[in-house]
Amino acid sequence: ANITATFNGPMNASTINGTTVTLQTSGGTAITAVVSTTTLSTGATRATLNPNSTLSSLTTYRVTVRGGTSGVKTPTGVGLAADTTWTFTTGLL
C-alpha cells in the first residue's frame, strides 16, 4: 500500500526523498525504518511513499515529513516550519 502526503502548493522535487519523507514502525522501544521509494506527483503537490516490502499486519507506523532547513521545500526555498507526523495501524492482512 502506498502512503501519500498532500501539500497546499507545489514542492521542489529535489527535496522530496527518503530522508525528508520517512516511514517507520511506531510504538514500543524498537522503532524500525521501512525502506521506501518516494516520488512527487506531476503537479508537485503530492509525495507518495511506496514501501519496498509488504507492511506487517496489526502494526502501527509513523510517517514524518521533515520541516526546517533540511526538510521539504517549495520551489522558492520555503520549508515547513516544523516536522509533520501522523500514524496509522494496519489491519489483519
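Me: What makes Phe88 partly exposed in this predicted model?
Reply: Its relative accessible area is 23%. Buried would need under 20% and exposed over 50%, so Phe88 falls in between and gets called partly exposed.

Me: And why does Tyr61 count as buried?
Reply: Tyr61 has 2% relative accessibility. The cut-off for buried is under 20%, so Tyr61 qualifies.

Me: How do you know that Tyr61 and Phe88 form an aromatic pair?
Reply: Their ring centres are 5.6 Å apart, and the limit is within 6.5 Å, so they pair. A search of the whole structure turns up one aromatic pair.

Me: Why is the pair of Tyr61 and Phe88 called stacked?
Reply: There are 25 degrees between the ring planes. Planes under 30 degrees apart count as stacked, so that's the label here.

Me: Which parts does the pair tie together?
Reply: Tyr61 sits in strand E5 (residues 60-65) and Phe88 in strand E6 (residues 84-89), so the contact links parts that are 27 residues apart in sequence.

Me: OK, over to the sheet. What makes E3 and strand E4 (residues 46-51) a strand pair?
Reply: Five bridges join them, and the two run antiparallel. At least two bridges are needed, so E3 and E4 pair. One example: Thr37 has Asn50 in E4 as its bridge partner.

Me: Why do strand E1 (3-6) and strand E3 (36-40) stand at the edges?
Reply: The open sheet of three strands has the order E1-E4-E3, with antiparallel pairing. E1 and E3 each have a single partner strand, so one side of each lacks a neighbour in the sheet.

Note on methods:
Residues numbered from 1 in each chain as written. Predicted model: local features only at pLDDT ≥ 70, side-chain atom pairs only at ≥ 80, totals over all residues. Heavy atoms only, no water. Phe/Tyr/Trp six-rings, centres within 6.5 Å; stacked < 30°, edge-to-face > 60°. Helix = DSSP H or I, 4+ residues; strand = E, 2+ residues; numbered from the N terminus. Buried < 20%, exposed > 50% of the residue type's maximum accessible area, 1.4 Å probe, protein only.
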